[in-house]
Amino acid sequence: MAEMECQSIKMSISEESQTVTRKECGKRGRKPGRKTSTEKLDIKAKLERSRQSARECRARKKLRYQYLEELVADREKAVVALRAELERVVNTME
């Protein structure tokens, strides 16, 4: 009887050790904090693309503002010309 108890205790201990080793080996895949060299290159390439995109965006914005400033200047000239013409017409009617 004592032998059977001893065997059951040994079996339960061996089962516990097997479950512990399974838990340790159960983690698969990449670790979250580690980066491979290709991922680092991808991040560098992504940053460079982002910088290039920002440069292009600033250039487009600059062109758009230049266009709008020219448009405003042209309209202001047209307003001045129309006011001068209006003043001339009013003066001739008097």
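The points below are grouped by topic.

This is a predicted model, in which local features need pLDDT of at least 70 and side-chain atom pairs count only at pLDDT 80 or more, while totals for chains, interfaces and linings use all residues. Residues are numbered from 1 along each chain as its sequence is written, and side-chain values use heavy atoms, leaving out hydrogens and water.

**Secondary structure**
- The chain has two helices and zero strands; helices are DSSP runs of H or I with at least four residues, strands are E runs of at least two, and both are numbered from the N terminus.

**Surface**
- The chain exposes about 9,600 Å², with 57% supplied by carbon and sulfur atoms (Shrake-Rupley method, 1.4 Å probe; for residues, only the protein chains shown count as cover).
- Of the 94 residues, 1% count as buried (buried is under 20% relative accessible area, exposed over 50%, partly exposed in between; 1.4 Å probe, protein chains only).

**Salt bridges**
- The count is two salt bridges, each defined as a side-chain nitrogen of Lys or Arg within 4 Å of a carboxyl oxygen of Asp or Glu.
- Glu48 pairs with Arg51 at 3.7 Å, N to O, and with Arg55 at 3.3 Å between the closest N and O atoms.
- Glu48 and Arg51 both lie in helix α2 (residues 37–93), three residues apart, about one turn of the helix.
- Glu48 is partly exposed at 39% relative accessible area, as is Arg55 at 39%, and Arg51 is partly exposed at 46%.
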